[in-house]
Amino acid sequence: MASNLLKNIIKLDTRVSVSQNVCLPIRCLSTASPRVKDKTGKNIVFVDGVRTPFLLSGTDYAPLMPHQLAKEALIGLMRKTNVPREVVDYIVYGTVIQEVKTSNIGREAALAAGFPHSVPAHTVTMACISSNQGITTGIGLIAAGAYDVIVAGGVEFMSDVPIRHSRKMRSLLLRANKAKTPLDKLKLLSTFRPNFLLPELPAVAEFSSGETMGFSADRLAASFKVSREEQDQYAVRSHTMAKEAQDKGYLTDIVPFRLPNSSKVIEKDNGIRVSPIDKLAKLKAAFVKPHGTVTAANSSFLTDGASACLIMTEEKAKQLGLKPKLYLRDFTYVAQDPIDQLLLGPTYATPKVLEKAGLSVKDIDVWEVHEAFAGQILANLKAMDSDWFAQKYMNRQSKVGVPDLSKWNNWGGSLSIGHPFAATGVRLTVHTANRLVREDGQFGLIAACAAGGQGVGMIVERHPDATAL
Ligand SMILES: CC(=O)SCCNC(=O)CCNC(=O)[C@H](O)C(C)(C)COP(=O)(O)OP(=O)(O)OC[C@H]1O[C@@H](n2cnc3c(N)ncnc32)[C@H](O)[C@@H]1OP(=O)(O)O
C-alpha cells in the first residue's frame, strides 16, 4: 500500500545516492527494432536542452525583463549544440504570467538572441506545462511536415509581474481618454474615489475557483491523508538529491548567465537548501492558516528562469552531424476537475501515456515528475497506488501502480531546483535525458500537473548516440 511506500521516503535518501548512479552507457540501444513504435514517420529527436540557473524570485535576476532570460537560454542552446541559427525553422516558446510589453515573448527573445528575422516564433501558455506544450507543438509541426527543426522552451519571471490599476480606475482612465472637452474631463474626474487606487495583484490561483495553488495542495494532502511529516521528509529528499547532483556536476543543462552591465556570472541554482527535518517541522502553514500542512519548505518557491531545447527529425540531426539525446516517443494531455483534482495530472497522465506507448510502470527507468508541492507528489503516489481511486475517478479497472522510487526525481525536482512555471517542462526533459545516460536506462516518463486541472505525460527513449554532457 502507498502508506508503506511513503514510510520509506527518508530511508530512500540513504539507499539511493546519486553517486551510485554514475555509470557508463553500457546498454546496447538500437534504432532497428524500437519497442515503442514511431508514430510520426519522422523519428523525432530531442537533440539537447539548456536552462539559465533557476533563481529565487527577487534575487539576482530581479532588475531584468523576462525576454532577457529567454534570450540567454536561446543563445546558450545554439552555442551548446553548435547549430547555426539559420537552420532553425520555427520557435515555440512558453510563458504563464505575461510581461505585457513582450506578449509574444518567443519572438522578442529570438530577435534579441540574434535569430534571423525570417524565423517565425509564437508563444504558448498552458500554465506549468507550457514548455511541454512548446515541445509537443514542435512535434506536431514536424509530424505535419511543416518544418524539420524546432526550438522550444519557456520562461517565467516572478520578480516583476504585471500589477494593474483597479477596474474602476481603468474604466475612468479609458473614458477620460475619450472625453472631448475639458468640462467632460472635469466631470469624469469628479467621479474619482480614493479606493479606485487599490491595485489588482496577480495571484498564483485558479481563476474558476479563486483558490491559490497552495491552498488546493493543502486540501489535496488532507484528503489523501498525507501527513506534515511525510511532506517535510519528501522536501528534504528533494533538496538532498538536488544538492548531490549539483555538487557532482550533473546539472550540465545549466548555461551560466553573465548579468547585463555587470561582471557577475550566475552559474548555479540558488534555491537548493538542505535543512534538518526539525527545522522544517517548526515552520508555520503558508496557505491554510493556522492548521494546514503546506509550508514554505515543502512547496516549490517562486522562481525566475528560462529554458530552451532543440528538436528535429532524426534524418536532419544526422545531416548536421548531431548526437541527439532522446527519441520523443509519445505524449498525452489530461484535464480534470480544477477544484478537487487540480494537482493530480501525473496520476491521470501516467497510465494513459504508458498505454499509448505499450509500456508499463516497470519499463520506466527514469521518472521526472514535477514537484509543485510535496503534498501534491505524495497524493499522486497514493492515487497511483489505489484501485479504488482508479475505479471511482478514472474509469479504469485497476491502479497503474507505484513507480520505483529509486528511479524517481533522483536529481531533485521543482521543490529544490525551482519552478519557473513555463520553463520547467524542458528542465524535466533534459534531466530525463541526462539521467538515462548516467543511470543506463532506456525509457523515461515525464509528468506534470498544471493550473486549470490539466496535466501532461511524455514518454522518451534514450538515443543510441546520447551523452550526458
Ligand atoms: C502546477 C503547479 O506547479 S502549482 C505550484 C505553483 N507555485 C506556487 O503556487 C508557488 C508556491 N510557493 C509560494 O507561493 C511561496 O514560496 C510561499 C508562499 C510558499 C512561501 O513564500 P515566503 O513566505 O516568501 O517564503 P520564505 O522564503 O520567506 O520562507 C518562509 C520561511 O520558511 C523558511 N524556509 C523556506 N524554505 C526552507 C527550507 N527549505 N528549509 C528551512 N526553512 C525554509 C524561510 O527561511 C522563512 O523563514 P523565516 O520566516 O524564519 O525567515
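**Helix pairs.** Helix α3 covers residues 66-81 and helix α4 residues 105-112; their axes cross at roughly 60° and come within 8 Å. I took axes as lines fitted to C-alpha atoms, for helices over the stretch in contact, with angles from 0 to 180 degrees between N-to-C directions. Helices (H or I, at least four residues) and strands (E, at least two) are DSSP runs numbered from the N terminus. The crossing of α3 and α4 is right-handed, that is, the near helix is turned clockwise from the far one by less than a right angle.

I then looked up α12 (residues 345-357) and α13 (residues 374-384), whose axes cross at roughly 40° and come within 8 Å. This pair is therefore oblique as well, and the crossing of α12 and α13 is right-handed.

**Basis.** I note that the model is predicted, with pLDDT of at least 70 required for local features and 80 or more for side-chain atom pairs, while totals for chains, interfaces and linings use all residues. Residues are numbered from 1 along each chain as its sequence is written, and side-chain values use heavy atoms, without hydrogens and water.

**Backbone.** I found a cis peptide bond between K289 and P290, with omega about 0°. P290 sits in the loop between α10 (277-281) and β8 (303-313). N82, a residue other than glycine, has a positive phi near 60°; N82 is in the loop between α3 and β3 (90-94).

**Ligand.** I listed 22 residues around the ligand, the closest being R273, S275, S300, H370 and H419; a residue counts if one of its heavy atoms lies within 4 Å. By class, 16 are nonpolar, five polar and one charged.

For polar contacts I used pairs of N or O atoms within 3.5 Å. A polar side-chain atom of H370 is 2.7 Å from a ligand oxygen atom, and one of H419 is 2.9 Å from a ligand oxygen atom. At S300, a polar backbone atom lies 2.9 Å from a ligand nitrogen atom. The protein covers 64% of the 1,000 Å² of accessible area (Shrake-Rupley method, 1.4 Å probe) that the ligand has on its own.

Conventions:
Polar contact = N/O pair within 3.5 Å; in protein donor to acceptor, adjacent residues only side chain to side chain. Nonpolar A, V, L, I, M, F, W, Y, C, P; charged D, E, K, R; others polar. Parallel < 35°, antiparallel > 145°, perpendicular 65-115°, else oblique.
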